[in-house]
Amino acid sequence: MLPAFYQSCSEMISKWEEIIPNETSFELDVWPDFQLMTSEVISRTAFGSSYEEGRIVFELQREQAEHVTDISRTVYIPGTRFLPTKRNKRMLEIKKQVQTTIRRIIDKRLMAMEAGDPSKNDLLGILLESNMKEIEQHGSKDFGMTTIEVIEECKLFYFAGQETTSVLLVWTMILLCLHPEWQARAREEVLQVIGNEKTNFEGLSRLKIVTMILYETLRLFPPVPTYRRRNKDEVKLGELSLPAGVLLFIPTVLIHYDKELWGEDAKEFKPERFSEGLLKATKGHLSFIPFSGGPRVCIGQNFAMMEAKMAIAMILQKFSFELSPSYTHALVASFALRPQYGAPLVMRKL
């Protein structure tokens, strides 16, 4: 899926090159552009040639998420979600429009697959092909996913694949502004390993310093600040005996800032703590969980890391940057840990 990453990153970089003048600085809020770029990536990788339709779905999903977040911050009065308010009607309209659009994409793809066309090399194609094999293997549709379940998976592609990567990128840029020595080291590595050539898998996999910076960003600003898990069976957790069905809140932020796990410098930006890899940095503990852990670890973590590496590498090839005086540091937790007032940076072409 690297070509989709590269195309979306290139479009963002080209836009920046057009608006940033030569030999002078320019203030640019990079946060909306990262949201758009990661949305383009997930549209292309999820739906392939149908990504334009996919993009409509994701824009609707973003609006729906904002409604859900706003509702979660108000006092809930039982039954109010059934009232014909303007917001409730809009949310119902979005739900129907999303389902109709995705169903249309799925139906077209299924018709093509039944006609003998090979499935596209995108997430939807992989999902549908796997589902068809599952049904054929057991000889019954009861063993496969329903169309509604496939639609729900497609909706999840957006939340899991877009929001988390965009916040990783924006906090990485902000931290590189706050620590210009690491920005210089990362740029030196990118130019040494990749030069000004087109980024590729081999080059990205050799970016050790960039990887360390991304890991440290994920530690300090984990995209998902808390997880919820429900234990299926009775379990003993340390000195606690938990009956089945207990809802556990796992505070990623508190674990990532724990001085007993990370040392007295736990609150400091020190990418060198990952210089010898994750296992050494965590001393064998499950203390680094930006993508969760265990059997329910995020299956898209390699996807996200490769996309982030490519974007950061391409930006470092073309620009230097520092925080704008208008930047205000404030975090807000909606689905992910976002910059409340955006990320205005002072950008310069190299």
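## Basis and terms

A residue is called buried when its relative accessible area is under 20%, exposed when over 50%, and partly exposed in between (1.4 Å probe, protein chains only). This is a predicted model: local features need pLDDT of at least 70, side-chain atom pairs count only at pLDDT 80 or more, and totals for chains, interfaces and linings use all residues. Residues are numbered from 1 along each chain as its sequence is written, and side-chain values use heavy atoms, with hydrogens and water left out.

Helices (H or I, at least four residues) and strands (E, at least two) are DSSP runs, numbered from the N terminus.

## Aromatic pairs

The whole structure holds eight aromatic pairs. Rings of Phe, Tyr and Trp (its six-membered ring) pair if their centres lie within 6.5 Å; planes under 30 degrees apart count as stacked, over 60 as edge-to-face and the rest as tilted. Tyr-215 and Phe-274 form a tilted pair, because their planes meet at 50 degrees, with ring centres 5.5 Å apart. The two residues are 59 residues apart and link distant parts of the chain. Tyr-215 sits in helix H9 (residues 208–220), Phe-274 in the loop between helix H11 (259–262) and helix H12 (278–282).

Tyr-215 is buried at 19% relative accessible area. Phe-274 is buried too, at 3%. Ring pairs join Tyr-215, Phe-274, Trp-262 and Phe-288 into a cluster.

## Charges over rings

A charge sits over a ring if NZ of Lys or CZ of Arg is within 6 Å of the ring centre and within 35 degrees of the ring normal. Arg-219 lies over the face of Trp-262, 5.2 Å from the ring centre. Lys-198 lies over the face of Tyr-6, at 4.6 Å from the ring centre.

## Nonpolar core

A nonpolar core is a set of buried Ala, Val, Leu, Ile, Met, Phe, Trp, Tyr and Cys residues joined through side-chain atoms within 4.5 Å. The largest one has 84 residues. Its members with the most contacts inside it are Trp-16, Val-30, Phe-34, Ile-315, Phe-321 and Met-347. Helix H6 (residues 147–178) supplies the largest share of this core, 15 residues.

Contact means heavy atoms within 4.5 Å. Beyond its neighbours within four places in sequence, Trp-16 touches Leu-28, Val-30, Asp-33, Phe-34, Ile-315, Phe-319 and Met-347.

## Helix H1

H1 (residues 2–19) has 18 residues. Its first and last C-alpha are 26 Å apart, close to the 26 Å expected at 1.5 Å a residue. That expected span is 1.5 Å times one less than the number of residues.

Trp-16 is among the buried residues of H1, as are Phe-5, Met-12 and Ile-13. The buried residues of H1 pack against H2, H13, helix H8 (201–205), and strands S1 (26–29), S6 (319–323) and S9 (344–349).

## Gln-35

Gln-35 belongs to helix H2 (residues 30–47). This residue is buried, with a relative accessible area of 13%. Setting aside neighbours within four places in sequence, Gln-35 contacts Arg-62, Gln-162, Ser-166 and Arg-338.

## Loop positions

Cys-298 lies in the loop between H12 and helix H13 (301–318). At 27% relative accessibility, Cys-298 is partly exposed. The UniProt annotation "binding site" (unreviewed entry) covers Cys-298. UniProt positions are given in the numbering used here, feature names are shortened, and annotations may be inferred rather than shown by experiment.

Lys-283 is also placed in the loop between H12 and H13. Lys-283 has a positive phi of about 55 degrees although it is not a glycine, and is exposed at 57% relative accessibility. Glu-23, in the loop between H1 and S1, has a positive phi of about 55 degrees and is not a glycine. Glu-23 is exposed, at 84% relative accessible area.
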